[in-house]
Amino acid sequence: MGGQQSVFTEEELQDYKDLTYLSRKDILRAHKRWIALAPEILQNDIHARLSAEKLYSDLPELRVNPFADRLCKVFSSADSANGGLCFEDFIDMMSVFSERAPKALKIEYAFRIYDFNDDDLIDIGDLTELVSRLCGESALSIEDIENLISKIFQEADLDNDSMLTFAEFEHVISKSPDFENTFRIRL
């Protein structure tokens, strides 16, 4: 691990530590994982980007995640829609999914991930997509999905407009005791 530390200056490490919820050890571990994804590309270029497809196939936490494309899109600093990540995007994602990140930050990112049409609301289309992805191959019938969405709106849609604002989403998620444990990636 001694050679690993020379990748960053002390100032860079301190900056990453100050700007994330990661410890120095976590940052170095995240960098090691990042380099392992494509050493030939990433070893000598800290600003290199990996495509979303590469991340889906090679990062175990994304390979099995039904929201992998949304995770990459939400955390990508690139203007393109492909959701490719650079190391700083990756470290931001690891920070949000760390156990030290505050619940409020996790909720904010969960909202962005589940807002599939990027309109700052979670509507019927977003919830349909969410339920479909969560159910995977054991798909529910259209009627079951509609009933589930209706129940979600009964519980969470405080102004009865068939859309969840961030405040409504935050209100309902704050009632979920398991949210923080499921919204986590271990380094």
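Reader: How do I check the length of a helix such as α11 against what its residues should span?

Author: Count 1.5 Å a residue, then compare that with the distance between the end C-alpha atoms. This is a predicted model. Helix α11 has 15 residues, so it should span 21 Å. Its end C-alpha atoms are 21 Å apart, which agrees.

Reader: Which residues of α11 are buried?

Author: Buried means under 20% relative accessible area. In α11, Ile145, Ile149, Phe153 and Ala156 are buried.

Reader: Where do those buried residues fall when α11 is seen down its axis?

Author: They fall within an arc of 85°, so they line one face of the helix.

Reader: Which exposed residues sit on the face of α11 turned away from the buried side?

Author: Glu143, Lys151 and Gln154 are carried there.

Reader: What covers the buried residues of α11?

Author: The cover includes two strands, β3 (122-123) and β4 (163-164). Helices α10 and α12 are also part of it.

Reader: How do I look for empty space?

Author: Rolling a probe the size of a water molecule over the atoms shows where empty space is left. Here the largest pocket holds about 680 Å³ of space. It is lined by 25 residues, and the closest to its centre are Tyr114, Leu130, Leu134, Ile173 and Phe179.

Reader: Which helices each supply at least two residues of that lining?

Author: They are α9 (103-114), α10 (124-135), α11 (142-156), α12 (166-173) and α13 (179-182).

Reader: How do the lining residues of the largest pocket divide by class?

Author: There are 19 nonpolar, 3 polar and 3 charged residues.

Reader: What volume does the second largest pocket have?

Author: Its volume is about 190 Å³. Of the 13 residues lining the second largest pocket, Val7, Phe8, Glu12, Tyr16 and Ile46 are the closest to its centre.

Reader: Which helix gives the largest share of the lining of the second largest pocket?

Author: Helix α2 (residues 10-19) does, with 3 residues. By class, the lining of the second largest pocket has 5 nonpolar, 4 polar and 4 charged residues.

Technical notes: Residues numbered from 1 in each chain as written. Predicted model: local features only at pLDDT ≥ 70, side-chain atom pairs only at ≥ 80, totals over all residues. Heavy atoms only, no water. 1 Å grid on protein atoms, 1.4 Å probe; cavity = no way out; pocket = protein on both sides within 12 Å on 5 of 7 lines; lining within 4 Å. Points joined across faces, edges and corners; volume = space filled by probe spheres on them. Helix = DSSP H or I, 4+ residues; strand = E, 2+ residues; numbered from the N terminus. Nonpolar A, V, L, I, M, F, W, Y, C, P; charged D, E, K, R; others polar. Expected span 1.5 Å × (residues − 1). Buried < 20%, exposed > 50% of the residue type's maximum accessible area, 1.4 Å probe, protein only. Arc of directions from axis to C-beta. Contact = heavy atoms within 4.5 Å.
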